[in-house]
Amino acid sequence: MNPKSVFGARVRALRAAKGWSQERLAAEAKLDRKYIGGIERGVRTPSLLNIRRLAKTLNTPVRDLFPK
């Protein structure tokens, strides 16, 4: 499976577990909603800084964004 798709699916699962919309995650992380949508669809490649930002916003270690 495509690593971007795996990462995006993990972000989506963590977001959904919080009961958040893409809009809410984007607002909390100070990122654009379309960017979040692209990450979740596996078409965007987030930078290391944005990966850290997403992890902090989702209250999870960065390593947990990368399923084993």
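**View 1. Leu 65 and its contacts.** Setting aside neighbours within four places in sequence, Leu 65 touches Phe 7, Arg 10, Val 11, Leu 14, Ile 51, Ala 55, Leu 58 and Thr 60, where contact means heavy atoms within 4.5 Å. Keep in mind that this is a predicted model: local features need pLDDT of at least 70, side-chain atom pairs count only at pLDDT 80 or more, and totals for chains, interfaces and linings use all residues. Residues are numbered from 1 along each chain as its sequence is written, and side-chain values use heavy atoms, with hydrogens and water left out.

**View 2. The largest nonpolar core.** This core has 16 residues, and Val 11, Leu 25, Leu 54 and Leu 65 are those with the most contacts inside it. At least two core residues come from each of α1 (3-17), α2 (22-29), α3 (33-41) and α4 (48-57). A nonpolar core here is a set of buried Ala, Val, Leu, Ile, Met, Phe, Trp, Tyr and Cys residues joined through side-chain atoms within 4.5 Å. As for "buried", that is under 20% relative accessible area, with exposed over 50% and partly exposed in between (1.4 Å probe, protein chains only).

**View 3. The whole chain, for orientation.** You're looking at four helices and zero strands, in the order α-α-α-α along the sequence. Helices (H or I, at least four residues) and strands (E, at least two) are DSSP runs, numbered from the N terminus. The C-alpha trace spans about 30 × 20 × 20 Å along its principal axes. With 68 residues, a compact globule would have a radius of gyration near 11 Å, and the chain's 10 Å agrees with that; the radius is taken over C-alpha atoms, and the globule rule is 2.2 Å times the number of residues to the power 0.38. Of the 68 residues, 40% count as buried. Take the contacts between residues at least 6 apart in sequence: 54% of them join residues at least 24 apart.

**View 4. Asn 50 in helix α4.** Asn 50 sits in helix α4 and counts as buried because its relative accessibility is 15%. What does Asn 50 contact, leaving aside its neighbours within four places in sequence? The partners are Leu 31 and Tyr 35.

**View 5. Two residues with positive phi.** Lys 30 isn't a glycine, yet its phi is positive, at about 60°. You'll find Lys 30 in the loop between α2 and α3, and at 68% relative accessibility Lys 30 counts as exposed. Asn 59, another residue other than glycine, has a positive phi near 55°. Asn 59 belongs to the segment after α4 and, at 67% relative accessibility, is exposed.

**View 6. Ser 21, between α1 and α2.** Ser 21 is in the loop that links α1 and α2. Is Ser 21 buried, exposed or partly exposed? With a relative accessible area of 31%, Ser 21 is partly exposed. C-alpha to C-alpha, Ser 21 and Val 11 are 12 Å apart in space, and they are 10 residues apart in sequence.

**View 7. Lys 68, after α4.** Lys 68 is in the segment after α4, and at 96% relative accessibility Lys 68 counts as exposed. Lys 68 and Asp 32 are 36 residues apart in sequence, with 28 Å between their C-alpha atoms.
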